[in-house]
Amino acid sequence: MADRYFSEEPLAGQSATLRGNEAHHLLHVMRAKVGTEIIVFDGRGGEWWSEVTQLGRTEVEVVLKQHRQIERELAAEFTLAVALPKGDRQRWLVEKAVEMGVTRIVPLTTARSTVSTAEAPAKLARYVIEASKQCGRNRLMEIAKPQAWDEIVKEGLEANKFVAHPGGLAVGEIRRNEQAATVLAVGPEGGLTDEEIQLAGQQGWQIVGLGERILRIETAALALLARLTVG
Ligand code: SAH
C-alpha cells in the first residue's frame, strides 16, 4: 500500500493541498518529490490515488487521480462507551479502538469517575488520524461528547448492549445480532456500582464477564472488542 495522508479539507475536484503534520511528514520525513504517488483520504469515506505536483515550504499540492470507494468498516456501527484511562493508556485505547473498527467512543462518567479525563480534543483527533493512516480506515472514528452512565444506560437504542462487569455472563453465552448496532460499556478503575449494573440489567443490557482476573479498563475493552469484532 502506498503511504496514506489525511486531508483536513473535504476532497473534491482535481487537486488538494496537504498542510500541517501531513505536509511536514511528506516534505521532511519522506522527502517526497514531484511525481511521488500517495493515497489521500479525508475521513468521509473512500480514498484517492494521488500524485505530488508541487512542494511548498509548509504545504504540498497533489493531483487527485483516481477515487476508490474502499471501506474498511465493520458490518454494523459499534460504540465503545468507556471511562477513559489517563495519559498513555488513553492514547493506546483510542489507537486500538480505531484499529478494531469502533465507530465512536463515548467518554463515560460514572459514580466512581465523575471527572472526565479526556485529553484535549485536538490531541485525541490526532491519535485517530494517525491510527487511521496506519490501519487503512477511510472513515474517522468519532470521539463523542462525554455522557453520564445514567443517561446512556437508558438511551442506548442499539440492538446489542453489553456492559463489562466481573462475574457477568461468559462471552460465549451472550445473545447478539451481528448485523445490528452494538454498544459496549467499560467502567472506571473503581468499577461500576451495584446500582449502575442493576440499572443496566433493567434496561436490557447484557452483563459480560471476562474471567477471574480484574483487567485494566483498556485491557477489558480490547479483549471484548477482539471477541466481538474479529472473525
Ligand atoms: N475495581 C473493580 C474493577 C474495575 S476494572 C472491581 O474490583 O470490581 C475497570 C473496568 O474494566 C470494569 O468496570 C469492567 O467494566 C472492566 N473489567 C475489568 N475486569 C473485568 C472482568 N474480569 N470481567 C468483566 N469486566 C471487567
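**Ground rules.** I number residues from 1 along each chain as its sequence is written, and I leave hydrogens and water out, since side-chain values use heavy atoms. As the model is predicted, local features need pLDDT of at least 70 and side-chain atom pairs count only at pLDDT 80 or more, while totals for chains, interfaces and linings use all residues.

**Entry 1, the whole protein.** I began with the elements and found 6 helices and 12 strands in the protein; helices (H or I, at least four residues) and strands (E, at least two) are DSSP runs, numbered from the N terminus. Along the principal axes, the C-alpha atoms fill a box of roughly 60 × 35 × 30 Å. I then looked up burial, where buried means under 20% relative accessible area, exposed over 50% and partly exposed in between, with a 1.4 Å probe and protein chains only. Of the 231 residues in the protein, 48% are buried. For contacts (heavy atoms within 4.5 Å), I noted that, among those with a separation of 6 or more, 72% join residues 24 or more positions apart.

**Entry 2, the sheet.** In which order do the strands of the open sheet lie? I read the order of its 5 strands as β1-β3-β4-β5-β2, with mixed pairing, and two strands pair if DSSP finds at least two bridges between them. Strands β1 (4-6) and β2 (15-18) stand at the edges with a single partner strand each, so one side of each has no neighbour in the sheet. From one strand to the next, the twist averages 45°.

On its β4 side, β3 is joined by 4 bridges and the two strands run antiparallel, with W49 in β4 as the bridge partner of I39. The two strands form a hairpin with 5 residues between them, and G43 in the turn has a positive phi of about 80°. I also noted that β3 is mostly covered, as 4 of its 5 residues are buried.

With 15 residues, α3 reaches 21 Å from its first C-alpha to its last, close to the 21 Å expected at 1.5 Å a residue; the expected span is 1.5 Å times one less than the number of residues. Its buried residues are L124, R126, Y127, V128, I129, A131, S132 and K133, and their cover includes β1, α1, β3, α2 and β8 (142-143). After α3 comes G136, whose phi is positive, near 90°.

Where do the buried residues of α6 lie when seen down its axis? They are I217, E218, A220, A221, L224, L225, L228 and T229, and they fall within an arc of 160° (the arc of the directions from the helix axis to the C-beta atoms), so they line one face of the helix. What covers them includes β6 (78-82), α2 (87-100), β10 (160-169), β11 (182-186) and β12 (206-208). Just after α6, G231 takes a positive phi of about 95°.

A polar atom of the T229 side chain lies 2.7 Å from the backbone oxygen of L225. Leaving aside residues up to four places away in sequence, T229 touches L74, F78 and M100.

Terms used: Axes are lines fitted to C-alpha atoms, for helices over the stretch in contact, and angles run from 0 to 180 degrees between N-to-C directions. A polar contact is a pair of N or O atoms within 3.5 Å; within protein, one must be able to donate a hydrogen and the other to accept it, and residues adjacent in sequence count only if both atoms are side-chain atoms.
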